[in-house]
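Please examine the sequence and the model shown below before reading on. The report then describes the fold, the sheet, the helices and the charged side chains in turn.

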Amino acid sequence: MSNESSYESARSDFRESTRGTPLQSWSLAGDETLSTDIVSFGNQAAKKLVILSSGLHGVEGSMGSRAQRWIIKEKLQEWQDRGGLNHCLLIFIHALNPFGFENKRRADRTNMDLNRAFHDSEARPQEHPLFTVTERLLAPATPPAVDGFKLRALWALLRHDRRK
């Protein structure tokens with residue numbers, strides 16, 4: 001394994017660890033180097049399903065990818081030998097947000113935090129008065145050159161302290 005924390009290396013290592021197993025891959029439009037890859041092991045008709053993703057946010061990707069590869073390399077054969085995969089289907093989803101994984105960001109390339117985007121895009125939820133403050137703090141429009149998150153968070157707390 002090369003650079004454990006890079007998306008490119010993790011993707012390559014994941015694909016290598018699943019060699020010989022059918023792989024489904026969805027590339028981001030306009031960028032063939034970024035993709036979400038899916039493999040499955042076990043009984044396709046099983047009533048039990050386990051889905052293991054490497055993570056949704058970018059910073060989760062490296063550790064999640066490493067955990068997936070460990071399971072595939074170190075545990076999968078043991079489970080198969082014990083008959084565990086006869087009654088279960090395991091699906092591994094690598095890089096739900098490949099842009100975030102590559103850039104170590106919570107958001108995708110449109111700056112959308114996918115964890116917060118499971119709603120009807122036509123209906124605008126009622127916004128809390130502090131929403132714009134926290135949105136700018138937690139989801140900046142561009143990747144920060146120097147983060148300074150702790151200072152910005154402290155400043156936001158001091159300015160908007162409701163205990164006063």
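Which residue forms a salt bridge with Arg 106? The partner is Asp 113, and the closest N and O atoms of the pair are 2.8 Å apart. A salt bridge is here a side-chain nitrogen of Lys or Arg within 4 Å of a carboxyl oxygen of Asp or Glu.

## Basis of the report

This is a predicted model, in which local features need pLDDT of at least 70 and side-chain atom pairs count only at pLDDT 80 or more, while totals for chains, interfaces and linings use all residues. Residues are numbered from 1 along each chain as its sequence is written, and side-chain values use heavy atoms, with hydrogens and water left out.

## Overall architecture

The protein contains five helices and four strands. Both kinds of element are DSSP runs numbered from the N terminus: helices are H or I with at least four residues, and strands are E with at least two. Along the sequence these elements follow the pattern α-β-β-β-α-β-α-α-α.

Of the 164 residues, 32% count as buried. Buried means under 20% relative accessible area, exposed means over 50%, and partly exposed lies in between, with a 1.4 Å probe and protein chains only. The protein exposes about 11,200 Å², of which carbon and sulfur atoms supply 56%. Such areas come from the Shrake-Rupley method with a 1.4 Å probe, and for residues only the protein chains shown count as cover.

Contacts also describe the fold, a contact being heavy atoms within 4.5 Å. Among the contacts with a separation of 6 or more, 63% come from residues 24 or more positions apart.

## The sheet

Strands of a sheet pair through backbone hydrogen bonds, either parallel or antiparallel. In this report two strands pair if DSSP finds at least two bridges between them. The four strands form an open sheet in the order β1-β2-β4-β3, with mixed pairing. Strands β1 and β3 (48–53) are the edge strands, each pairing on one side only. From one strand to the next, the twist averages 20 degrees.

Strand β1 (residues 24–28) and strand β2 (residues 31–42) pair in the antiparallel sense over five bridges, and Ser 25 stands opposite Asp 37 in β2. These two strands form a hairpin with two residues between them, and Gly 30 in the turn has a positive phi of about 85 degrees. Strand β2 also pairs with β4 (residues 88–94), in the antiparallel sense and over six bridges; there, Ile 38 has Ile 93 of β4 as its bridge partner. Strands β3 and β4, by contrast, run parallel and are joined by six bridges, with Leu 52 opposite Phe 92 in β4.

## Helices against the sheet

Helix α1 (residues 7–17) packs on the sheet and touches β1, β2 and β4; its direction makes about 35 degrees with that of β2. Angles run from 0 to 180 degrees between N-to-C directions, and the axes are lines fitted to C-alpha atoms, for helices over the stretch in contact. The buried residues of α1 include Tyr 7, Ala 10 and Phe 14, and the buried residues of this helix pack against β2, α2, β4 and α3 (98–103). Helix α2 (residues 58–81) lies across β2, β3 and β4, running at about 155 degrees to β4.

## Charged side chains

The protein has six salt bridges by the rule stated above. Glu 16 and Arg 19 meet in another salt bridge (2.3 Å, N to O); Glu 16 is partly exposed at 45%, and Arg 19 is exposed at 63%.

Glu 78 forms a salt bridge with Arg 82, the closest N and O atoms being 3.3 Å apart. Here Glu 78 counts as partly exposed at 27% and Arg 82 as exposed at 66%.

## A nonpolar surface patch

Leu 154, Trp 155 and Leu 158 form a nonpolar patch on the surface, with about 340 Å² of accessible area together. Leu 158 is located in helix α5 (residues 149–159). Patches are made of residues with over 30% relative accessible area and no salt bridge; like charges are joined within 9 Å, and nonpolar side chains (Val, Leu, Ile, Met, Phe, Trp, Tyr) within 5 Å.
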